[in-house]
Amino acid sequence: QVRIMAIMLGLIIPVLIILLKDFFNTKIQDRKEIEAGTQIPILGELSYEKDKKSIVIENKSRSPIAEQFRLIRTNLQYMMPDKKLQTILVSSFMSGEGKSFVSLNLASSLSITGAKTIILEFDLRKPKLSKYLNLTNEIGLSNFIIKDIPFDDIIQAIPDRENIYVISSGPIPPNPAELLLSKKTVRLFEYLKENFDYIIIDTAPVGLVTDALLLEKFVDLSIFIIRHKYSFKAVIPFIEKLYREK
């Protein structure tokens with residue numbers, strides 16, 4: 001009997017530990033959790049990249065993550081078969097989930113095909129993109145919206161890259177949401193749609209501020225980033241609600 005009890009305890013205790021760990025784990029562990037909680041199509045998956053390079057997409061690159069970005073680029077076309085896809089918004093629930101990294105490499109993947117591509121650093125509160133690229137952020141979106149600045153003064157080419165450009169956020173303003181409602185923002189998108197093949201919008205997290213939702217009217221397709229073992233499970237019903245409400 002003692003031996004049977006020991007065997008049963010040896011089986012029960014590990015199972016209980018696994019169940020308790022799963023119960024108290026609040027982070028997303030795998031793709032199935034996302035598919036079970038939302039109808040939103042999954043555009044692609046990116047493996048973890050140990051190399052700290054900001055841009056992992058090169059013309060001749062055959063690394064796993066470069067191929068994954070190429071697959072996402074292909075899948076984008078299937079998302080909107082009946083409409084021209086030009087403006088793509090990239091967001092997530094909170095900071096650190098990879099919006100700027102995805103925006104930059106998605107733009108790089110599109111530009112390699114010969115498409116003239118521009119990234120807008122519309123995270124006006126906590127910009128990261130210009131830091132990744134070591135670009136000046138003295139003049140950008142906030143200056144353009146507040147003052148009368150020519151388009152050419154805010155558009156920067158990414159060094160050593162063809163067909164890819166950036167408009168940085170500019171100095172951090174006290175009222176980012178109000179700036180996004182400006183008529184100058186409308187003018188900016190009208191100009192960019194006439195002069196670029198693709199516009200990638202790197203936005204602030206939608207779980208913290210409304211900025212991304214204010215830009216939605218300019219956008220053909222929105223991409224929501226979920227990060228493995230980082231994003232919370234509670235994000236899934238949140239994005240499903242956004243999806244249902246269009």
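Are F122 and F189 buried or exposed? Both are buried, with buried meaning under 20% relative accessible area, exposed over 50% and partly exposed in between (1.4 Å probe, protein chains only). A quick note before the views: this is a predicted model, where local features need pLDDT of at least 70, side-chain atom pairs count only at pLDDT 80 or more, and totals for chains, interfaces and linings use all residues. Residues are numbered from 1 along each chain as its sequence is written, and side-chain values use heavy atoms, leaving out hydrogens and water.

**View A. F122 stacks with F189.**
The ring centres of F122 and F189 sit 6.2 Å apart with the planes at 5 degrees, so this counts as a stacked pair. Here, rings of Phe, Tyr and Trp (its six-membered ring) pair if their centres lie within 6.5 Å; planes under 30 degrees apart are stacked, over 60 edge-to-face, and the rest tilted. F122 belongs to strand β2 (residues 117-122) and F189 to helix α9 (residues 183-195), 67 residues apart. Helices (H or I, at least four residues) and strands (E, at least two) are DSSP runs, numbered from the N terminus.

**View B. F189 also stacks with F218.**
This time the rings are 4.4 Å centre to centre, with 5 degrees between the planes. F218 is in the loop between α10 (211-215) and β6 while F189 is in helix α9, so the pair ties together parts 29 residues apart in sequence. Relative accessible area comes to 2% for F189 and 9% for F218. Put together, F122, F189 and F218 make one aromatic cluster; a search of the whole structure turns up seven aromatic pairs.

**View C. Two lysines lie over phenylalanine faces.**
K116 is over the face of F196, 4.7 Å from the ring centre. K184 does likewise with F144, at 4.8 Å. The test is NZ of Lys or CZ of Arg within 6 Å of the ring centre and within 35 degrees of the ring normal.

**View D. I200 sits in the largest nonpolar core.**
Of the 27 residues in this core, L76, I88, L106, I119 and I200 touch the most other members. A nonpolar core is a set of buried Ala, Val, Leu, Ile, Met, Phe, Trp, Tyr and Cys residues joined through side-chain atoms within 4.5 Å. Helix α4 gives the most, with five residues. I200 touches, among others, I88, V90, L106 and I119, not counting residues up to four places away in sequence; contact means heavy atoms within 4.5 Å.
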